[in-house]
Amino acid sequence: MLVMPQQPFSIPSLFLSIFAIFLIIQLPACSSSEQAAPPSEPATQERNLTDLESLYWARIDSSRMNFVQADVDFMTDMIAHHAQALIMSRLAPENDASRSVQALAARIINAQYDEIGTMQKWLRDRGQPVPEVHIDGLILMIHMENGDDDEMDHAAMGHHDHHAGHGGMGHDAMAHHHDMPGMLTQDQLEELAKARGTEFDRKFLAFMIEHHEGAVYMVDELFSADGAALDREIFDLASGINAEQITEIERMRLMLEEIE
Amino acid sequence: MKQFVPAILLGMAALIGIYSCTSTEQLQQTSTSTLLPITEIEQPYPDPRVGLQAGVFDAEETIWNLRMISTTPPPDDFIGSWGTDLAFKDNYAIQGNYNGFIIWDISNPESPDVVVDFLCPASQSDVSVYGDLLFVSGEGLGGRLDCGTEGVRETVSADRLRGIRIFDISDIHEPEYIANVQTCRGSHTHSVLVDPNDDENIYVYVSGSAPVRPEEELAGCSDAFPDEDPDSALFRIEVIKVPLANPELAEIVSSPRIFDDLEAPPTHGLAPEEQAVVDRAIEAGRFVANYGETQRIVNDGMVRNFLSQIVEERGGEGEPTEADSTLLRERLDDMYMEFMEERLAARGRGLDLGPNQCHDITLYPEIGLAGGACEGYGLLIDISDPVNPVRIDAVADSNFAYWHSATFNNDGTTVLFTDEWGGGTQPKCRETDPYEWGANAIYTIVDGKMEFQSYFKMPAPQTSTENCVAHNGSMIPIPGRDIMVQSWYQGGINVFDFTDPANPIEIAYHDRGPLSDDRLEIGGSWSIYWYNGLLINSEIVRGLDIFELVPSDFITENEIAASNTVRMDYFNPQGQPMFTWPASYALARAYADQLDRNRELDMQSIQMLRTGIDRAERTNGNEQTRILTELAAEMESRATGSANSNKVLKIAETLRELAEG
């Protein structure tokens with residue numbers, strides 16, 4: 001038996017009885033709504049909290065030293081990959097998608113928009129070039145923001161010179177992004193943008209399944225690189241993308257099934 | 001003797017009260033209800049959780065209907081690492097951490113004491129206890145068999161631990177690392193199952209959500225689909241058997257595929273606009289099939305196929321007749337169902353297997369059930385045979401939830417799933433985030449089937465630098481009510497009542513400002529659980545917080561006193577215990593308060609009951625027995641006049657037990 005009953009008259013209940021008296025003595029004033037908790041401050045520690053806070057930030061900074069180029073590549077590529085999912089999902093409301101596809105698209109936008117922010121922060125925190133996303137209709141443009149510019153934020157980022165890809169790229173890397181697994185071609189995007197109603201649903205689901213499968217593949221690649229995904233933030237993010245996108249793939253297949 | 005002194009004081013206090021209040025006021029208090037129904041109690045407005053100042057150990061805080069007893073930062077080696085889940089044994093709270101685990105002595109909750117800080121890095125280090133054993137989950141790639149802090153850099157390595165670590169804690173001050181069980185996906189979480197019919201072994205269910213490790217590292221690990229490799233590590237959980245006499249012989253004994261053959265997830269029914277389309281189709285005389293909880297318009301091609309099938313079955317040929325058409329209308333639901341089943345069976349690989357893994361499984365052995373939070377599905381699992389769990393129901397959610405954990409109410413009639421949208425690292429409680437996303441979904445269990453009731457989400461908008469989503473929690477044993485305490489990461493913690501599963505209500509909370517105003521750093525509450533009268537909070541960054549409930553319009557002091565009569569020797573939140581309440585005056589009074597609050601018994605009877613309980617408690621011996629027995633009989637006779645005769649009878653039963661001493 002897990003739950004062991006205790007005799008009811010323990011010290012806590014004695015305390016509560018006294019507390020009851022406290023309440024009843026209040027009664028002569030006939031105020032029933034006031035039930036003040038016994039005034040007491042939480043116990044405080046003797047350790048110096050300012051020192052602990054400095055230690056906290058120092059540890060947070062040093063926890064960001066533990067990454068390899070495969071991590072940087074994954075984050076950089078996944079930003080563009082997610083950005084295309086935004087382009088696709090934003091079409092749903094205006095292209096008369098069904099209610100469930102619109103709900104799915106809204107959830108994808110919310111999730112992947114936030115994850116883009118997380119990935120950009122991850123790169124910035126590590127002094128790496130950060131892909132800035134610009135979307136103009138169906139056109140995706142990625143500009144690399146120079147990693148150096150952001151070293152102002154975190155002085156501890158200074159010794160990352162051995163990592164490749166450091167420094168201003170500043171070029172439009174769009175052409176490269178279509179090579180990633182699951183990325184749609186510009187023709188496919190235009191095809192999707194022209195579809196309406198059920199036809200849109202069908203195309204959207206088929207394309208997004210492919211797109212998500214690409215992301216899952218990218219996670220697998222990350223995990224098969226030596227020394228990659230040791231950083232807790234990238235491990236959690238990549239595992240999360242893996243689990244959530246597999247879940248969405250299943251849901252989308254069922255939705256597609258129902259249409260057909 | 002202990003109750004004697006307060007009893008006299010109570011009597012005196014009551015006299016003073018009567019003396020100084022006017023008689024009409026006193027009369028009102030005896031004839032009308034003193035407690036507001038919980039739906040009528042006002043909540044703090046504006047919500048004080050909005051706009052709290054940022055800080056790591058000095059963030060601004062707000063608290064409502066709780067008292068913070070203490071807050072203690074983690075030991076130095078664990079500052080900057082992430083605190084995770086909790087398990088409890090005796091007066092100890094064991095807190096997992098990405099760096100290992102911490103054992104806190106909480107016998108003085110004003111000042112919890114670190115007795116062990118065990119460095120042994122692995123994410124997430126979810127912890128469980130049983131007897132002298134401590135189990136710790138390892139999932140991340142850097143976990144080492146030797147607990148080293150240097151990590152493992154190679155993709156394939158003999159040093160890596162992904163699975164379950166087992167420690168001997170017979171001397172809790174000196175945990176001894178005695179065994180490992182390696183698994184293919186590592187252990188994101190795990191649940192310890194104590195089989196009531198087996199006192200020699202316990203079972204550990206392992207859930208993993210990370211990718212499968214290479215076969216070169218752990219033989220037999222395959223991430224092929226099961227139709228290519230029947231031993232695939234996908235689409236299954238692992239069951240580890242631990243012989244209590246020889247825990248170092250723990251091993252995987254089965255890998256049940258509890259997900260196989262899941263059908264299309266049911267939805268909450270059709271949206272109004274979709275229902276309107278169906279209604280118009282019915283009016284127009286089209287074929288509409290009832291499928292699960294929804295209605296489907298059957299398209300013309302399918303109707304033609306069904307009709308030819310009917311013609312064929314009667315041995316006929318050519319065009320279907322009016323009679324065939326009538327027959328189809330009768331058989332449509334069955335034919336449609338059969339068609340869908342065939343189609344589901346013919347689906348592409350993986351699809352008929354349903355989810356690929358579970359995030360967490362909550363075992364509730366007393367009712368023989370487990371709640372599996374498995375990707376897009378919430379599963380109800382029969383665990384009466386621990387080695388061979390069987391799925392009995394599955395639900396999916398039209399809001400695309402990613403199910404993370406499950407909690408049952410005490411009598412097992414309601415199950416609550418959490419949607420850990422964004423994995424806990426994203427800010428999903430902003431004003432712009434829908435209430436239904438990253439929330440709890442509450443289902444009732446009727447004849448082994450789950451029926452959706454409502455969503456519940458911590459309602460105070462949080463900033464974009466606060467990771468926030470539904471996370472771990474546990475039931476609080478307020479007798480007769482379903483009340484839960486829950487973590488929301490940087491959304492703080494809250495307590496809510498879901499006794500009415502369709503209308504959950506928040507009744508207490510604590511929140512801190514973000515760790516930082518300008519950058520999202522992971523933090524907040526990972527888990528909070530009730531343990532022997534305390535609410536113990538594992539704060540990811542800030543260590544261990546201890547709270548207690550304070551009486552409020554939502555919960556009376558009697559109800560809190562009754563909850564505090566429940567005592568546990570140990571507690572693993574993923575192995576849910578059934579609470580039982582010993583007979584006590586507090587219990588009888590708590591039930592009386594509930595009858596009062598819910599207007600379920602006339603006030604005259606409630607007043608008589610309260611006075612009788614007070615009188616009985618002040619006396620002893622035969623006189624006490626007589627009062628209690630008479631009061632019990634009186635309550636039994638009045639039960640039929642109550643809107644909740646069950647509760648009145650429970651009071652009578654409690655009084656009789658007290659009378660028997």
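What follows is a set of stops, each with something to select and something to look for. Keep in mind that this is a predicted model.

**Stop 1: chain A as a whole**

Trace along the sequence and the order reads α-α-α-α-β-β-α-α-α-α. Chain A has 260 residues, and 38% of them are buried. Take the contacts in chain A between residues at least 6 apart in sequence: 73% of those link residues at least 24 apart.

**Stop 2: a helix pair in chain A**

Now select residues 69-90 of chain A, which form helix α3, and residues 99-125, which form helix α4. How do these two helices run relative to each other, roughly parallel or roughly antiparallel? The angle between them is about 155°, and their axes are 9 Å apart. Angles over 145 degrees count as roughly antiparallel, so that is the label for α3(A) and α4(A). Their crossing is left-handed.

From α3(A), the residues include Val72(A), Met75(A), Ile79(A), His82(A), Leu86(A) and Arg90(A). On the α4(A) side, look for Ile108(A), Gln112(A), Tyr113(A), Ile116(A), Met119(A) and Trp122(A), among others.

**Stop 3: the nonpolar cores**

Next, select Phe204(A), Ile94(B) and Ile536(B). These have the most contacts inside the largest nonpolar core, a set of 181 residues. Which element gives this core its largest share? Select residues 585-597 of chain B: this is helix α7, and it supplies 8 residues.

While you're there, zoom in on Phe204(A). Setting aside neighbours within four places in sequence, its contacts are Met88(A), Ala92(A), Ala97(A), Val101(A) and Leu192(A).

There is also a second, separate core, with 28 residues. To find it, pick Val130(A), Phe223(A), Leu237(A) and Leu141(B), which are among its members.

**Stop 4**

Most residues other than glycine have a negative phi, and most peptide bonds are trans. Here are some exceptions to click on.

- Select Tyr45(B) and Pro46(B): the peptide bond joining them is cis, with omega about -5°. Pro46(B) is in the loop between α2 (23-31) and β1 (61-64) of chain B.
- Go to Ser123(B) and Gln124(B), which are also joined by a cis peptide bond, with omega about -10°. Gln124(B) belongs to strand β7, residues 124-130 of chain B.
- Pick Asn65(B), in the loop between β1 and β2 (66-72) of chain B. Its phi is positive, near 65°.
- Finish with Cys147(B), whose phi is also positive, near 65°. Cys147(B) lies in the loop between β8 (133-138) and β9 (163-168) of chain B.

Is Asn65(B) buried or exposed? Asn65(B) has 21 other C-beta atoms within 10 Å, so it counts as buried. Cys147(B) has 15 within that distance, so it is partly exposed.

**Stop 5: the domains of chain B**

Last, colour residues 272-345 and 582-661 of chain B separately; the domain assignment gives these as domain 1 and domain 2. How far apart do the C-alpha centres of the two lie? Draw a line between the centres and it spans 59 Å.

How values were computed: Residues are numbered from 1 along each chain as its sequence is written. Chains are lettered from A and ligands numbered from 1 in the order in which they are written. This is a predicted model: local features need pLDDT of at least 70, side-chain atom pairs count only at pLDDT 80 or more; totals for chains, interfaces and linings use all residues. A nonpolar core is a set of buried Ala, Val, Leu, Ile, Met, Phe, Trp, Tyr and Cys residues joined through C-beta atoms within 7 Å. A residue is buried if 20 or more other C-beta atoms lie within 10 Å of its own, exposed if 12 or fewer, and partly exposed in between; C-beta atoms are placed from the backbone. Helices (H or I, at least four residues) and strands (E, at least two) are DSSP runs, numbered from the N terminus. Two residues are in contact if their C-beta atoms, placed from the backbone, lie within 7 Å. Domain bounds come from an automatic or database domain assignment. Axes are lines fitted to C-alpha atoms, for helices over the stretch in contact, and angles run from 0 to 180 degrees between N-to-C directions. Angles under 35 degrees count as roughly parallel, over 145 as roughly antiparallel, 65 to 115 as roughly perpendicular and the rest as oblique. A crossing is left-handed if the near helix is turned anticlockwise from the far one by less than a right angle, and right-handed if clockwise.
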